[in-house]
Each structure stands twice: as C-alpha cells, then as structure tokens.
Amino acid sequence: MARKTDIPPSYYGEPRNFDPSFRGPIHNRACTDVLCCVIFVIVILGYIALGTVAWIHGDTRKVVYPTDSHGQFCGQQGTPNTNKAILFYFNILQCANPAVLINLQCPTTQLCVSKCPDRFATYLDMQYNYRYNNSYWEYYRQFCKPGFDNPRKSVAHVLRDEDCPSMIVPSRPFLQRCFPDFITRNGTLTVANKTDFKDGLGKTRSVIDLRKAANGITSLLDAKEVGMKIFEDYASSWYWILLGLVITMVVSLAFILLLRFTAGVLLWLIIFGVIAVVGYGIWHCYWEFSTLRGKPHSDGDVTISDIGFQTDFRVYLQLSQTWLILMISLSVIEAVIIVILIFLRRRVRIAIALLKEGSRAIGYIMSTLFYPIITFVLLAICIAYWAVIAVFLASSGDAVYKVMSTQDKCMYANLTCDPEKFSQTNVTMVCPGSQCTFAFYGGESLYHHYIFVLQLCNLLVFLWLVNFTIALGQCTLAGAFASYYWALRKPQDIPSCPLFSSFSRAVRYHTGSLAFGSLILAFVQMFRIVLEYLDHKLKGAHNAFARFLICCLKCCFWCLEHFIKFMNRNAYIMMAIYGKSFCTSAKDAFFLLMRNVVRVAVLDKVTDFLLFLGKVLISGSVGVLAFFFFTRKITVIQEEVPSLNYYWVPLLTVIFGSYLIAHGFFNVYAMCVDTLFLCFCEDLERNDGSPLKPFYMSPQLHRILRREQGSKLYASS
C-alpha cells in the first residue's frame, strides 16, 4: 500500500518509482558543474599567485619590529640596532593619541634604545651635573642620536636639531615601545612617586599631561599583565588540560559505540541526567543565594554593576545577585527541557530508533569517526594560509617619509620627503625644527593602491575554501552512510572501503558542485561581515533609520545563511546518492523534505536536540571534574594540582575543548542520522515492502514505520 503524505505529492514533485537496478550510491557518474570546477581551480591558482606577490612585497619585520625615524628596525639582527629592541620617543607629550604612538606617526624623533629610562631628568640638569660627574652624561647619551657626543652644546641648538630629548621620564616597555610607568597610589596617579615633573623647557608639568598623551596605555599594560598570568597558567597546567581532552575523546568514542547496543537507555539517561544536573545547579544557586543573603555585613546587597569588571571571577561568586541570575537562567532552561519532552515524547522514541540505526551504521564503518581529523587539518591549512597572506599584505610597501613639524601652520607639514635630500631643501628655513621622519609603509604603485581590495579577495576566497572543506566532508560521510542504508543485506552487501570510495567520488565528480554550493554560502557570509562592519561604524551615529535598516538586514542574512547551510547539507546527501548537479540535488532534496515536512520538523530536530544534550553532558561532566580538580577539592590528588593565578583559565579551556571534541564526534553521528533519514524517505517513496519492491531499511526501522502508521490509522478511526 502506498504511503499517504500530508501534502499532495504533485505540489512538491512526484515520488520516485521503484528502480530494480538501484543499489545505493550510483558509481557510473559524470562530472557535475564543470564550469564552476574550472572557475574554482582558476581561483585557487590565483590565490597561490596572490600569496606569492604578497610574499614578495611584504615584510613581516614591519609587524614584528618597531621602526625608528629613519625607517630602521629596532632589534633586527645584523644591524646597528641589534641590541636596541625598544623604541623611545623624544617628546611623548606631542603624541596625544595612543593609536598615533602604535602606528609610528607621532611628530617627534623616534630612536631605538636598549632599555627605557628609569628616572626623571632634563637636558639642563644633565649639563649642570656633567661639570661635576661625567656619569650623568653617560646615562643621558643613551637616549640621544647615535654619534652625538657634545654635552656642552647649547640647549637651544640641541632641541632645534633634536639631538637629544629635552627630558626623560621613568618608563617601561610595552609593545616594544617606552611608555611612562604609571602607578596609582591611594587614588592618585604618579610616575616614580611623583605627581609633577620638569619638561626641560622651564615649565613644570603634571603627570596628568603624560596620561593624556598616552591615554589608554595603562589599561593595555594591565591587559598585558593579565595575559602574562594566563600564559603562566597554561605553562603550568597544559598537561592536565591535555589529559582532560583525552578523557573527553575516550568518553565520546565509548558513548557512540554504546549507542549501538543501549541507545534507548543511554539517551533517556542523558535526558534525565541533564535534568538532574540542571536541577542540582538550581538548588546549589538557591543555597548560595540564601547563605549570602543571611550573612550579616555581607556583600549580598552589592550588585555586579557596582564592582564593574574584575579579572578574578571569584569576586562575583561573593555576590548574591550572581547566584540569583544563575538560578533564574537554569530554571528557564529546566522548564524548556521538560516542556519539550512532554509534548514530543512519542517522537523521542522514533528519534532513539534512528540513533540506534545510526550507531549500527557507524559500527560497520568505524573509519568515519576519524574523518573529522582530515577536515580539521584542511581547515587549519586554510586558516594559516589566509593569516599569512593577510600579514604579508598588511606589511607590503616601502618606507614613506613625511615632514613632521611642531608648528601648526607649517605649509610643508605631512608632505612626503626624501631624508637624503631633505637638508638641501628650504623646509627647515620656512618651518624651523621640521624633520623628514619615517611615517609608515606604503607606496604609489597599482599594487599598493589595491591592497584593501586584495584583502577583501583574500577573505572571500578564505570563506570559499572553508565552506568547500566542510562540504567535502559532508558529501563524503553522506556517501559512506548511504552505502550502508542501500545495502539490501546488511552488512554483507556493504561495499569495501565505503569512506574512501565516497571521498574519491566526491573529489573526482563533484568538485564543481561542492564549490558551487560553497560559493553561494561564502557570498552570504561575506555580506554579513560587511553588515557587521557597517553596524560597528554606525553605533555612534544618530540616524535611527540607518541603524534599524542594518539590524533588519543582519537578521535576514542570518536566517538566509542558516537556511542555505541546511539546504546545502541535504543537497550534498542527494548528490552523494544520485551523482547529480548541485541545483538538481538541491531541488530534489527540497521537494523530498517538503513531502515529509512533519518528519523533518520533528524527527530531525529532536535528534539534533538529543545529540546536543549528549555534547552538553560530556563536556559538562568533564568540566565538573576539572572544576573539582583545579580548585583542589579532590583530596586524593590535591598535591598534584599546579599553582595557578586564575583557575578558570584551564577550566574554561577544558570545557570549551571538550565541547569541540564531542561536537566533532557527534557531528559525524548527526550526518549519519540525516543521511539515513533522507534515505528512509526515499525508500518509502520508491518501495512498498512487497517482494517486488522490498524496503532497504532495517527491520527495526520497518517496525517503527508500521507502528507509526498503525497509530495514525487508529487516530483517524
């Protein structure tokens, strides 16, 4: 008896007729979407050429080393600056913006030095003390131009020629540049315990002036200190982090293998385990909240906004508001899970049967569990190549020198100049004190004018290659699992090496189709990135309509991207089975899904939900174990715990890494279930279970189908 559908078949295409010669994925294929394949190969060759050109013009030293006023790299081996790796600014007060400092476009002489100043001093003080002690000059000359050795030269001439700085202040290196060593004592900003200093020009300046010149640097220094502590934590706990990730890998593999035999029991244990874990979290949050509220003179009334951002997360655990927020969040999650289970309990049973079948398929094709390693390696190559090209493009160009003047009305200010011929011009006469100083790296050639366009092309091709790599993995896995489903006698009729055969078919025949689907997705993702950039630029704007329009476009393209990902995934499954082009496969997959829209909406998403619960349970369990370990609450191995600055650094790393590993294993499983589901729908439309048209599905799935049809007939009667 033919199966009835919820939507007339003619509306979404006619179901397929039985083909007695059909035995799963077609092996006699032809190349699909050849034009797109040719374009894809040409783009890859062009991408290699772009990398070569960027490598020829780029220079990573411009990123690694700071550059002085003469365009020389600080700290570069084989140069006079070998032992001078830090950049020193003659007059940091002239640098009003930290971005100006970092981009080396500050209108003051910049010099490579071996160390930053550690005391306050002025050139006038040095000249006075030099008469009694030569050591004053020996220290001060470190921050003068190389070759200058005339401490008796008048101050006016020294400052005019910028032979030496008028003053030096205690500094420390950051980003290989000397910045004032700010310290806050009792709420007062100081430098070397002083709140004011002499600027060498006869004036007394406040430390606040230095702060304005280096605005934001103190927060960056604090960030660097936090970063160093995080690095120390990784250095002392990396092997324990690695052990936690290995445990996750073993548990994930064992979990998938156990699903073959005890899928029902394990999945119900997952469901009730997650409910129990979330319930315990609710109780624990309530207990902490009540305890903090009940303590006299506690921080129960202090809010998170009162204390602001703190690098030590343990501070937030002392606030009752933190536990209240966590308790409410967990309660909402618990309620959502329970409601979903109540209304979809029958569909959960069907999803469990699909997972059993998927586990059985993976058990016969174990090599599929290790295919994500290939995808990871290919993605790592794509990311590394994109990053290298981006760095070389950013560092392309020759040294550009500009006239830097301390006078606001200098007509030659910011004009390009030649440092070798600068002394022969009349610029210094018109603008006294002007210098031909290195500004940045760039150029006037066609290549330099289009560097930004090349960066956009680099990003677009990167997205294309990443999506192609993911698509290749999906098509390969789909072909392997389809070989399992369309074997009439399992496992006797399963072809040998199904994963390798599927990979070979995908690369040989469907490179163009995979590139076509990946390119569509890459364009959508590229447009989303542009929208994010525009949204960032419009945040300070007062045009409400523009911000509203950008927000709507972001929402629409987010939905479009996820829809294309869903359609591409199913198109690759149909492509792996029938060997047709991308558009034809996408059309067939869409009509097939529409003819089984109820099953798609419920079974597929319930399966995804159950797999998500499995990932959460595995990563959460390993995270709880890591929490008790790094907080020294396991007394048996308490002495083995390394000393940490922030215990949350290895903890979050273990949790995030565990989730990624579990996601990699379960992603193979999800692809298996999706493939079996589409094959299941195809099987129902092709066959009716008679001797002439036998089902290819396993007896277990056949029993589920009859049970579902029986319940529908009972409900209709």
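Colleague: Why is Phe-376 called exposed?

Modeller: Its relative accessible area is 61%, and the term exposed requires over 50%, whereas buried means under 20% and partly exposed lies in between (1.4 Å probe, protein chains only). Phe-376 therefore counts as exposed. The residue belongs to helix α12, residues 371–394; helices are DSSP runs of H or I with at least four residues, strands are E runs of at least two, and both are numbered from the N terminus.

Colleague: On what basis are such values computed?

Modeller: The model is predicted: local features need pLDDT of at least 70 and side-chain atom pairs count only at pLDDT 80 or more, while totals for chains, interfaces and linings use all residues. Residues are numbered from 1 along each chain as its sequence is written, and side-chain values use heavy atoms, with hydrogens and water left out.

Colleague: What makes Phe-370, Ile-373, Ile-374, Phe-376, Val-377, Leu-378 and Ile-381 a nonpolar patch?

Modeller: Patches are built from residues with over 30% relative accessible area and no salt bridge; nonpolar side chains (Val, Leu, Ile, Met, Phe, Trp, Tyr) are joined within 5 Å, like charges within 9 Å. This surface group has about 680 Å² of accessible area together, by the Shrake-Rupley method with a 1.4 Å probe, where for residues only the protein chains shown count as cover.

Colleague: How do you know that Cys-74 and Cys-112 form a disulfide?

Modeller: Their sulfur atoms are 1.9 Å apart, and a disulfide is defined as a pair of cysteine sulfur atoms within 2.5 Å, so the pair qualifies. Cys-74 lies in the loop between α2 (61–64) and β1 (86–89) and Cys-112 in strand β2 (residues 110–113), so parts that are 38 residues apart in sequence are tied together. Cys-74, at 0% relative accessibility, is buried, and Cys-112, at 4%, is buried as well.

Colleague: Why is the disulfide of Cys-116 and Cys-178 called left-handed?

Modeller: The torsion about its S-S bond is about -95°, so the link is left-handed. By contrast, the link of Cys-144 and Cys-164 has 115° and is right-handed.

Colleague: What makes Glu-561 and Lys-565 a salt bridge?

Modeller: Their closest N and O atoms are 3.4 Å apart; the rule asks for a side-chain nitrogen of Lys or Arg within 4 Å of a carboxyl oxygen of Asp or Glu, so the pair passes. Both residues are in helix α18 (residues 544–578), 4 residues apart, and so are separated by about one helical turn. Glu-561 is buried at 6%, whereas Lys-565, at 38%, is partly exposed.

Colleague: Which residue does Arg-569 pair with?

Modeller: Arg-569 meets Asp-674 in a salt bridge, 2.7 Å from N to O. Asp-674 and Arg-569 are both buried.

Colleague: How many salt bridges does the rule give?

Modeller: The count comes to 11. Among them is Lys-153 with Asp-163, at 2.7 Å.
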